Amino acid sequence: DRVGEPGWIHLCGFGPVAAAARSAELLARLQPARVLLIGCAGTHAPETHPVGTAWRFDSVAIDGIGAGEGHHVLGPADLGLPQWTEDGEPVHDRLPLDGGDAGLLLTVCSAAGDEPQAERRRARFPDARAEDMEAFGVALACHLARVPLTVIRGISNTAGNRDKGDWRLDEALTSALALAREGL
């Protein structure tokens with residue numbers, strides 16, 4: 001739906017596959033000059049990215065693509081199998097984002113179910129500040145369409161904490177929308 005200037009608002013779907021497919025469809029149909037993805041994430045760094053705050057991330061990685069599980073995960077770069085190669089430039093498991101300064105956002109296929117799983121992710125991606133389930137899919141679609149992507153995530157919970165009584169979803173979304181409005 002057209003919401004006036006400067007663009008449209010659309011849902012991208014749940015998870016990296018739906019987000020990538022939906023984003024590719026929207027990019028082809030609407031041909032935007034840039035994309036802004038807003039949503040929530042779980043923090044891996046509560047001391048710098050606390051629950052209730054929002055951040056513009058400068059890069060995104062994906063975990064869960066490759067081989068193995070637990071402590072024995074091999075990502076695309078480890079396997080020597082890029083997810084995409086164009087003009088000799090391989091895309092393994094990381095992509096830059098536009099306009100961010102909050103560090104790495106880690107996209108996962110399934111949110112950390114407990115603290116040990118979150119800790120394994122932090123060991124594989126020590127620079128990850130938060131995890132979400134859509135940004136890498138949207139980033140890959142934007143990369144292929146050559147459209148800059150800015151990702152803003154409100155921090156709704158600590159990664160691995162599945163107790164929704166501890167989550168601050170409304171505060172996280174309010175913070176994310178406020179941060180997005182600063183850039184308009």
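This is a predicted model: local features need pLDDT of at least 70, side-chain atom pairs count only at pLDDT 80 or more; totals for chains, interfaces and linings use all residues.
**Entry 1: helix 1 and helix 4**

I looked up how helix 1 (residues 16-30) lies against helix 4 (residues 135-145). Their axes come within 7 Å and cross at roughly 30°. That makes the two helices roughly parallel, because angles under 35 degrees count as such. I noted the hand of the crossing as well: helix 1 passes helix 4 in a right-handed one.

Which residues make the contact? On helix 1 I listed P16, A19, A20, S23, A24 and L27. On helix 4 I listed G137, V138, A141, C142 and A145. I then sorted the residues of this contact by type: nine are nonpolar, two are polar and none is charged.

An α-helix has 3.6 residues a turn, so residues three or four places apart point the same way.

**Entry 2: S23**

Is S23 buried or exposed? S23 has a relative accessible area of 8%, and it is buried because the cut-off is under 20%.

I next looked up what S23 touches, leaving aside its neighbours within four places in sequence. S23 is in contact with C12, V138 and A141. Of these, V138 and A141 are also listed on the helix 4 side of the contact between the helices.

**Entry 3: helix 4 and what follows**

I checked how much of helix 4 is covered. Eight of its eleven residues are buried, so helix 4 is largely enclosed by the rest of the structure. I wrote down the buried ones: A135, F136, G137, V138, A139, L140, A141 and C142. Just after helix 4, I found that R146 takes a positive phi of about 60°.

**Entry 4: cysteines**

How many disulfides are there? The count comes to zero. I reminded myself that a disulfide is a covalent bond between the sulfur atoms of two cysteines. For the count, the two sulfur atoms have to be within 2.5 Å.

C12 is buried, with a relative accessible area of 16%.

C109 is partly exposed, with a relative accessible area of 43%.

Key
Residues are numbered from 1 along each chain as its sequence is written. Side-chain values use heavy atoms; hydrogens and water are left out. Axes are lines fitted to C-alpha atoms, for helices over the stretch in contact, and angles run from 0 to 180 degrees between N-to-C directions. Helices (H or I, at least four residues) and strands (E, at least two) are DSSP runs, numbered from the N terminus. Angles under 35 degrees count as roughly parallel, over 145 as roughly antiparallel, 65 to 115 as roughly perpendicular and the rest as oblique. A crossing is left-handed if the near helix is turned anticlockwise from the far one by less than a right angle, and right-handed if clockwise. Contact means heavy atoms within 4.5 Å. Ala, Val, Leu, Ile, Met, Phe, Trp, Tyr, Cys and Pro count as nonpolar, Asp, Glu, Lys and Arg as charged, and the others, Gly among them, as polar. Buried means under 20% relative accessible area, exposed over 50%, partly exposed in between (1.4 Å probe, protein chains only).
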